[in-house]
Amino acid sequence: PVLDLNYEHVQTPFEISLWVLLASLMKLGFHLIPRVSNIVPESCLLIVVGLLVGGLIRLAGEEVPPVMNAEVFFLCLLPPIILDAGYFLPIRPFMENLGTILMFAVVGTLWNAFFIGGLLFAVCQINPGYPLELHQLELLPCLLFGSIISAVDPVAVLAVFEEIHINELLHILVFGESLLNDAVTVVLYHLFEEYAGAGTVTVLDGFLGIMSFLVVALGGVLVGAIYGLLAAFTSRFTSHMRVIEPLFVFVYSYMAYLSAEMFHLSGIMALIACGAVMKPYVEANISHKSHTTIKYFLKMWSSVSETLIFIFLGVATVDGKHHSWNWVFVTATVILCLVARVMGVVGLTYIINKFRIVKLTTKDQFIIAYGGLRGAIAFSLGFLLDEVHFPKKDMFLTAIITVIFFTVFVQGMTIKPLVELLAVKKKQEAKRSINEEIHTQFLDHLLTGIEDICGHYGHHHWKDKLNRFNKKYVKRCLIAGDRCEEPQLIAFYHKMEMKQAIELVEKGGAKMPAIPSTVSMQNIQPKKAVPQERMLGQLSKGKEEEIRNILRTNLQRTRQRLHSYNRHTLVADPFEDGVILRKKNVMEKKVWILLNKTEIRNRQIFGFFFAYSMKPTADDVPTIHVDLASPQSPDSVNLVDELKKKSEPTSDADEGLVMRAPSQNRSEESDREQQKLMRCLSDPGPNADEDEDEPFLP
């Protein structure tokens, strides 16, 4: 035949393309209507679209496709979202709040799981005389359901929190909790699933469960770190094949996720560790075009996956095969989820605030508790349950979907007005500057030095040790060329310079600076140097060189003269002692000349007159003589005339109050103690080779 139809041959890729196209068009359409997108979160609208699509399929008499199964979700839709979050994770705020995040992720998730599961079992056992289907539920299935529904979902948190632009602290606390509680959820899920199949639980099983949590969490991090280092090492040799650079980032990350899932480790933590470990080294090796490709491909991939997840949730809700409604169980689940979340956040924050410098306020606690959204991870885990061991699987799925809809629609739609009402601090889109980077590094070094002096090995001390090890060994192995020796400040300047250049190009009408950028753009830099305009055109070359020599000489001398001191030992330095004595002699000489040139007059203060005069002592050292004013006191006293009268005898009664200069024959111990005190309280001064009266600038 001339034209033939063979839909079965292309059915699967054609339907996948249709779903992706539908998701992209819906996402585009929502942002074309700003009134709707400002009121209703995008995740809610996507679920509504899924409900409409599923309803149309049912009305057409067709069977709803099983789009939201566990394999599609965990192997295809979830990894791009987690990789995007891990690769662009703000490392500094995440590490600074790691203790708080772990408390919420581990202790908070355990509390929610056992609180919800235990009380649900108690609710199911109410009124045993009246037989209900809930009485058939045992404790282990309830605890398993509690572990599934207790975890905060990273997809839902990202979808809602990025729209309300919450401040960085609250965002990293809630989002970090949603990432790290995956290990707890995976461990509890598999443990209770095995316990339900075995039927009995011993003390040894509980101990093995704790060990399993450590293995799952740390094993996932280790697997991700290994693949991240491999990706960084591979990118070192891609300078002659720039096209395939982004491919290594995606493939190594996906391999890390699959390897962790293969051994029942935490795939989410493996992806987070892989992205965070590889980024600083990969970014130093790859070209700018590859960096742009990685950035936009990850954003596109994660956005499409997130859109498909919420649409598939709506479609799966319309499918009536896995639904079993029970008012008591569903209502108790929603209420217990809210109560457990609030109690867990308030109780843990009370403990955490005792150790935090920046305390979490009541408003912060409310946003953290209200932002505990559930999502598709809970639905997929519930979908994986075996109906043989869990006959109430359909009722669990119905309750999970209800909790997801409640958190996404009710909490997701009302959290933005509540943030505005409570005047919670919003995220400030401030660009980092060189000044901020310099002060940040300065404070890090200062706090590290303070910890070393105090003998306290805090996190600044270990952070500095890790940075030194990274710079000395790791960077040299994973970064190609001379960029491994590049200081952090210069690297940051290059990054800002490139970003500014891109912004100027995107604006179109802005003028490009006359001086070319010094960032690594080897492929587009001309071979011959282009003549550049002088930055200091108003100064001659000779004057410019003179200023450089002055700064270079003085800064070098300052560095050689100053010494570092320790709180344990302050040993006398003979070089500094000589400088102090010279400084003292010069100052005495200047004071002597000043007093000889100046006349000291009488002043009246509160009815008293004072006359000042210099009288010599027996050692020919001048002293300042303060005599009570009398009618015989002269109006002015000449210092030279007074020195001529040194042979005239004076009595102690006539002298009044006498301030004598220290005698020259004082003991050697007191002299050295005075020198030590002056050394501790002041700078030693200029170099001994310099003339004191010589001007700094010629």
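## Two packed helices

In this predicted model, helix α4 (residues 70–87) packs with helix α16 (residues 376–383) at an angle of about 140 degrees, and the axes of the two helices are 8 Å apart. The contact brings Ala 70, Phe 73, Phe 74 and Leu 78 of α4 together with Ala 376, Ile 377, Ser 380, Leu 381 and Phe 383 of α16. Sorted by class, the residues in this contact are eight nonpolar, one polar and no charged.

## Helix α4 itself

Of the 18 residues in α4, 14 are buried, so the helix is largely enclosed by the rest of the structure. The end C-alpha atoms of α4 are 24 Å apart, which agrees with the 26 Å that its 18 residues should span at 1.5 Å a residue. The helix also carries a kink of about 45 degrees at Leu 78, shortly before the proline Pro 79.

## The nonpolar core

The largest nonpolar core has 143 residues, and among these Phe 73, Leu 78, Phe 329 and Phe 379 touch the most other members. Helix α9 (residues 168–198) gives the most to this core, contributing 16 residues. Leaving aside residues up to four places away in sequence, Phe 329 touches Leu 120, Cys 124, Leu 134, Leu 137, Phe 145, Met 395, Phe 396 and Ala 399.

## An exposed threonine

Thr 362 has its place in helix α15 (residues 362–370). With a relative accessible area of 64%, Thr 362 is exposed, because the cut-off for that class is over 50%. The C-alpha atom of Thr 362 is separated by 9.5 Å from that of Thr 349, and these two residues are 13 residues apart along the chain.

How values were computed:
Residues are numbered from 1 along each chain as its sequence is written. This is a predicted model: local features need pLDDT of at least 70, side-chain atom pairs count only at pLDDT 80 or more; totals for chains, interfaces and linings use all residues. Side-chain values use heavy atoms; hydrogens and water are left out. Axes are lines fitted to C-alpha atoms, for helices over the stretch in contact, and angles run from 0 to 180 degrees between N-to-C directions. Helices (H or I, at least four residues) and strands (E, at least two) are DSSP runs, numbered from the N terminus. Contact means heavy atoms within 4.5 Å. Ala, Val, Leu, Ile, Met, Phe, Trp, Tyr, Cys and Pro count as nonpolar, Asp, Glu, Lys and Arg as charged, and the others, Gly among them, as polar. A nonpolar core is a set of buried Ala, Val, Leu, Ile, Met, Phe, Trp, Tyr and Cys residues joined through side-chain atoms within 4.5 Å. Buried means under 20% relative accessible area, exposed over 50%, partly exposed in between (1.4 Å probe, protein chains only). The expected span of a helix is 1.5 Å times one less than its number of residues. The bend at a residue is the angle between axes fitted to the seven residues ending there and the seven starting there.
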